[in-house]
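Look over the model below before reading on.

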Amino acid sequence: MSTDAFTMEMLDVWKRPEPPAQQVETGFFTDTTLCIGCKACEVACKQWNQLPGDGFHWTGNSYDNTVSLSATTWRHVAFVEQFPLDGGGNSHAPRWLMMSDVCKHCVQAPCQEACPTGSLIYNEFGNVYVQQDICNGCAYCVVACPFGVLDRNREDGKAHKCTLCYDRQKDGMTPACAKSCPTESIQFGPIEVLRERARKRVEELHGRGETDAYLYGAEASGEYSALNAFFLLKDRPDVYNLPEAPRRPVARMRSNYLSSFAAAVGLAVISAFCFAKGDK
Amino acid sequence: MTPATPVFNQATKDVVKRVTPEAVREEGYYGLPMLKRPLWGWEIALYFFSEGISSGAYILATMADLCGSGRYASLIRDARYISLAALLPCPPLLIADLGRPERFHHMLRIFKPHSPMNMGAWALMGLSAPVTLLALTEFASLRWFPRRVVGLAGMPFAFFMLAYPGVLLATTSIPVWARTRFLGTLLGTSSMATAAGALAIAAALDPKSDEETREVIHRIENITNIAEAAALSAYVYSAGPAARPLTKGRYATMFRLGALVVGIGLPALVTVTRRKPGRGATIASGLLSLAGALALKWSVVHAGHDSALDPEMNRYGARADSDNPGWRPGTSVRTGVMRARQLPG
């Protein structure tokens, strides 16, 4: 190799390649009123993404033996059984609520804002994606996420979560969970189409007397952005183990910095006075 | 229950203990936490302790150099050495904490003001050069070296290193760290107190230091202790119920006895009882300040674990209010707004 060619190759390392062209934003609409709790999404996700098992254990309190999302579980079906335990309490008829939980792919994602390496990005489909060749396992995203989605794998030391089947989308395919869902509880598509469809669905349900149906994350709320993977729910969010009003950590960062810097500079100035004055 | 196959996640380990048939009666979703446990432990607690001494000693040395009219040569020299000695363990501690230590330099592949951890990595880089230069030239007694200029040039980095640990923790979703505006102030003032304590010990031990130096650094130590006590009250008051893992949890003893009694109360007692404490009392009060700050940082870092795994705290941290109505039955607002409200300021 000539010296010139070698120099060019060394310089290439520092060049950032052009990002892929922006595509139509995609996401999930998970309609929990259609979920039958078959867990096909969990299995399809594990299979396509080649995720290992988590060590099987019976919870003994519901059909939910997956328990939570983790670095190796990117879809998790929650089972809520609302049957009065001691003959009273609930205002509604006894019912099952099932919800296939997933990374929310926030429009403004706290994990992406926290990530110090730039591993977490919004890809060309507007999905939040962990670049595995960049992540160094600092675990800041783990504590930044208000939904407790991200986790670090103990084997490879890196953060993992739902990729919204980036690889499948690149080939124009539907993500594995949505593809396998037998009741179309998990719907995949352009996010604007999904939001419109979800609004119509809520109206339809309200028309049928199911007035407790509402959309979780279809629109921004206060300081928190909309979610590109949003849900149709039938009860309070914490019933499904979702936060009622998630906070955006960065929203208070500036004022935290200000008071912290004020104290530091204040103490420095006071000490300067002490040094100037001496022991007089 | 011991899973038969290997467990790849901390999350699985954490929740497996909680899933029992009895949990069916618990509030929320079978008493399971919403959040994931922080993966930061002793490395980060020790890092916050060590980098606090380093940046605080750097600021005090530079102030003494700029405003002391040449009176505090021995103190400045001691502070420069302390600053370097405390900075040395910082990079290894941070690297050891990573899931992929060999990729530590990925922290520096971008510059990202949104991420306090990224900014902290740059500040650590920025501070290490002046700290090393000043300590080495002090050791070699190079008279021509522009100490004041270099010292002043490193000040922004030193201030950032002093101020950012609490802000880093507060820019998360963990209630005990995030539901307050004073965690940055608390850890920053505590860092300054440890630096003043370390300098007071050095001044008491250094045969070249004089009575005036000891008196001035002792005064600064008292002031920083008062500031730390004020910041601690502001933190506990502003965090309210979110401070529960610290005030009532597993780390309550360490937080109360360590941070409050050992770190602030006893050093104050030493000062109050004797107008001009002797060498032994100065060293004792300095060591108490250091121990107290270590207890404070250790308990604050570890209380995050309890806060994340407490479902009641999770719900409290994400409760709806007028600013953040959240998403609930009957709150369909239909604004069509996808992005969040503009950041304040």
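Of the 345 residues of chain B, 59% count as buried. The model is predicted.

**Chain B as a whole**

- Chain B holds 14 helices and zero strands.
- Along the principal axes, the C-alpha atoms of chain B fill a box of roughly 70 × 50 × 50 Å.
- Take the contacts in chain B with a separation of 6 or more: 77% of them come from residues 24 or more positions apart.

**A helix pair in chain B**

- Two packed helices are described by the angle between their axes and by the distance between the axes.
- In chain B, the pair to look at is helix α2 (residues 42-67) and helix α9 (residues 183-205).
- Their axes come within 7 Å and cross at roughly 70 degrees.
- An angle of 65 to 115 degrees counts as roughly perpendicular, so α2(B) and α9(B) are roughly perpendicular to each other.
- The crossing of α2(B) past α9(B) is right-handed.
- On the α2(B) side, the residues in contact include F48(B), F49(B), G52(B) and I53(B).
- On the α9(B) side, L187(B), S191(B), M192(B) and T194(B) are among them.
- Which classes of residue make up the contact of α2(B) with α9(B)? It has twelve nonpolar, four polar and no charged residues.

**Helix α2 of chain A**

- Helix α2 of chain A spans residues 40-48.
- Its buried residues are C41(A), E42(A), A44(A) and C45(A).
- What do the buried residues of α2(A) pack against? In chain A, they pack against β2 (75-82), β3 (95-102), α6 (176-180) and β8 (186-190).
- Just after α2(A) comes Q50(A), with a positive phi of about 55 degrees.

**Strands β2 and β3 of chain A**

- Strand β3(A) is one of the elements that the buried residues of α2(A) pack against.
- Why is β3(A) largely enclosed by the rest of the structure? Seven of its eight residues are buried, so the rest of the structure largely encloses it.
- β3(A) pairs with β2(A) in the antiparallel sense, over eight bridges.
- M99(A), in β3(A), is the bridge partner of A78(A).
- In a regular strand, side chains alternate between the two faces of the sheet.

Technical notes: Residues numbered from 1 in each chain as written. Chains lettered and ligands numbered in written order. Predicted model: local features only at pLDDT ≥ 70, side-chain atom pairs only at ≥ 80, totals over all residues. Heavy atoms only, no water. Buried < 20%, exposed > 50% of the residue type's maximum accessible area, 1.4 Å probe, protein only. Helix = DSSP H or I, 4+ residues; strand = E, 2+ residues; numbered from the N terminus. Contact = heavy atoms within 4.5 Å. Pairing = 2+ DSSP bridges. Axes fitted to C-alpha atoms, helices over the stretch in contact; angles between N-to-C directions. Parallel < 35°, antiparallel > 145°, perpendicular 65-115°, else oblique. Left-handed = near helix turned anticlockwise from the far one by under 90°. Nonpolar A, V, L, I, M, F, W, Y, C, P; charged D, E, K, R; others polar.
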